[in-house]
Amino acid sequence: MARIVSHRVIDSRLLGSAKTVIISFITVAAVFSIFYADFLVSKVYLQSSAVEIQEVSEVLQIHTTERRIKSTVTTIQLLATQEEIREVHGTNQKFLNPPINVTEEERIEWFRKKLPEFEIFKSTNLTRKFHRRIQRFFNDKCEVKFFMTWISPAESFKRRDFLSMESLFKVHPHGCLVILSGTLDSMQGYRILRPLLDRGFKVTAVTPDLAFLVKNTPAESWLREMKSGNKDPGEIPLAQNLSNLVRLTALFKYGGVYLDTDFIVLKSFAGLRNSIGAQSINTVSKTWSRLNNAVLVFDGKHPLVLKFIQEFAATFDGNKWGHNGPYLVSRVVERVAGRPGYSFTVLPPAAFYPVNWNRIGGFFKKPENQGDSRWVKAKLLQLSGETYGVHLWNKQSSRIRIEEGSVMARLISDHCIICTNIYSS
């Protein structure tokens, strides 16, 4: 009996020792687990912190880029500092429109006071980089060199203007487009162009250097006189007339294709050289009666473009709509036609202006019956022939909605890239 009790005592002690060992082991394991868990949490935290720090760093870099903007995104170069490229808002665009129903002397006095506010006349660090930026952007990989101008505020560049660029790159995926614009040459402008840049298309906005563009041309003296504040700018917004001059001087300096932003490209321009389009023809003589400057295709230093610039400087009139634009090219071509030394082609209205400004609304309307549907099909077939693109006459059509099934809806759906919000355009 004593032996049995002794064994029980020993077993109890062994059990107690074992429990102690087990408890100690559990305690050590628990402590180790706590430390290990803490280590894991710390590691995850540190990794998370590193990611957060990296993200914050990237955000800071983005903000730094927005402030300093000296980076290359795809092939676009946004060259500037805080002073050079800034967010541009259109609050002063209407503010700089000349007064109407005033005398010429009163208008000149207004212009003289407002002259310091006309950014396009100013020479800055950014404008002085203009030529270098253009040369760097255009290269041998450019299938066709395109120019557009945009002197309005950046926020005025709407979906329909963007569709023009989409159609250009749909037909010319290896083309290069420069938008001559001080307002789009900004972070706001970059955000507008980014959907095309992200898809690898070559487009950029460059602030024009007007003094450089007119240098050694007949317009050099015109600009000097205008900047003196002693010349009548006219009742028509000066930006509109400066766009006429900038497109001519850019083509003269670099050559290429100029397009208005209300133009839908349908066919490649690669085979065109030294061409201008007729807007209308004389029904009796079958010769052109009016030309237009919404589309211009010319080699650099072409003598006809030089004549256009000379005419702009010699006959500038800011009070007559079209005088320094469509009517200008019509006057000059009529004078030089047949003279030796000029080599160019006047294309028929079907090339660039297949529909006149007073009928453009029909292109936006959906067919209401079978007759309308047949007309839409016939018109689309006609446009697939010798038409390089359609000028939309934005002044008349900008507020007309594109209706589903219309000629415009079909053209855009076939020539868009991003293809969003077509019918809200």
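Predicted model: local features only at pLDDT ≥ 70, side-chain atom pairs only at ≥ 80, totals over all residues.
I started with strand β3 (residues 145-149), which pairs with β4 in the parallel sense over five bridges; two strands count as paired if DSSP finds at least two bridges between them. Strands (E, at least two residues) and helices (H or I, at least four) are DSSP runs, numbered from the N terminus.

Residues are numbered from 1 along each chain as its sequence is written, and side-chain values use heavy atoms, with hydrogens and water left out.

Right-handed here means that, with the strands pointing away from the viewer, the path from the first strand over the helix to the second runs clockwise. From β4 the chain goes on through helix α5 (residues 187-197) to β5, again as a right-handed β-α-β crossover.

On to β5 (residues 202-206): five bridges join this strand to β4, and the two run parallel. Cys176 stands opposite Lys202 in β5.

How many residues of β4 (residues 176-180) are buried? I found five of the five, so the strand is largely enclosed by the rest of the structure; buried means under 20% relative accessible area (1.4 Å probe, protein chains only). Cys176, Val178 and Leu180 point one way, Leu177 and Ile179 the other.

Key. Buried < 20%, exposed > 50% of the residue type's maximum accessible area, 1.4 Å probe, protein only.
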